[in-house]
Amino acid sequence: MLDETRESFRKVADLLSHLARQQSVRTVVFTGVTPRCGTTTAAVAVAKELARLAGLRTLLVDMNMRRPGVAKSLRGDITPIEESWESLQSSTQPLSTMSTASVAKLRVLAPAISPQASVSAELVKKVVDRAAQDFDIIIFDTPPVLGYADAFVAAGVTQAMVLVVEAGQTPFEVIDRIKHEVGVRGITLLGAVLNKHRRFIPGWIYRVFAR
Ligand SMILES: Nc1ncnc2c1ncn2[C@@H]1O[C@H](COP(=O)(O)OP(=O)(O)OP(=O)(O)O)[C@@H](O)[C@H]1O
Ligand SMILES: [Mg+2]
């Protein structure tokens with residue numbers, strides 16, 4: 001991973017740690033524009049940073065029921081909590097006491113799910129209700145916005161969204177349309193992470209988010 005990419009993940013973690021400390025944002029959805037743009041990579045990197053460097057009690061939830069990727073992305077670093085969504089909803093054991101992690105303050109929820117399942121607002125709310133007492137910040141990794149409603153559904157019951165954009169892959173008009181869709185839903189878009197960029201950042205990225 002390029003230093004620039006790592007630094008842009010650190011910037012997001014820094015912003016989120018400030019907002020979490022102020023208690024203004026404690027639940028955030030990570031989504032991408034296109035499939036494979038690096039949403040999961042960004043969510044995992046930011047969650048580790050929040051737990052390890054910012055010292056926040058962090059919960060990372062794999063809410064990509066289409067193509068879960070968090071467990072794989074962790075590469076054995078951390079053992080995720082893998083109970084089914086059904087047993088997680090009925091269990092009362094605090095999530096903070098479950099699973100072992102090499103990063104002390106990070107817990108990861110990566111339940112086995114069926115590929116047909118889609119995110120529901122009710123499920124996201126249940127996770128938030130169950131984890132709110134034990135964690136300073138909860139990050140939801142979700143599918144890309146092009147093609148799936150899941151990220152918007154999840155962001156409707158969380159406090160903010162972070163958008164991952166793969167450099168050179170997304171036309172200006174598409175980002176603009178996503179920004180509009182986010183706005184009409186009243187979702188707070190904290191910003192975009194430019195992933196897989198090669199030292200050159202197209203000017204339109206700045207133009208779009210400066211509006
Ligand atoms: N900054 C990066 N540098 C190098 N490889 C990367 C980077 N970001 C992501 N990748 C690689 O690209 C692939 C897709 O990444 P990732 O799973 O994070 O994307 P995603 O947007 O979550 O995909 P999906 O649409 O399946 O949810 C993975 O093989 C990952 O290792
Ligand atoms: Mg993913």
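## Exercises on a predicted model

In this predicted model, buried residues account for 41% of the 211 residues in the protein chain. Let's work through it together.

**Exercise 1.** Find how many helices and strands the protein chain has, and in which pattern they follow along the sequence.

*Solution.* Start by counting: the protein chain holds eight helices and six strands. Finally, turn to contacts with a separation of 6 or more: 80% of them in the protein chain join residues 24 or more positions apart.

**Exercise 2.** Work out whether Glu49 is buried or exposed, and which residues it contacts beyond its neighbours within four places in sequence.

*Solution.* First, locate the residue: Glu49 sits in helix H2. Then apply the cut-off, where 20 or more other C-beta atoms within 10 Å make a residue buried. Glu49 has 23 C-beta neighbours inside 10 Å, so it counts as buried. Now leave aside the neighbours within four places in sequence; Glu49 is in contact with Phe9, Arg10, Ala13 and Ala54.

**Exercise 3.** Describe the shell around ligand 1: how many residues surround it, and how do they divide by type?

*Solution.* Begin with the count: 17 residues surround ligand 1, and the closest are Pro35, Gly38, Thr39, Thr40 and Thr41. Sort the shell next, and you get five nonpolar, nine polar and three charged residues. To finish, ask where they come from: helix H2 (residues 39-52) supplies the largest share, three residues.

Conventions
Residues numbered from 1 in each chain as written. Chains lettered and ligands numbered in written order. Predicted model: local features only at pLDDT ≥ 70, side-chain atom pairs only at ≥ 80, totals over all residues. Helix = DSSP H or I, 4+ residues; strand = E, 2+ residues; numbered from the N terminus. Buried ≥ 20, exposed ≤ 12 C-beta atoms within 10 Å, placed from the backbone. Contact = placed C-beta atoms within 7 Å. Near = placed C-beta within 6 Å. Nonpolar A, V, L, I, M, F, W, Y, C, P; charged D, E, K, R; others polar.
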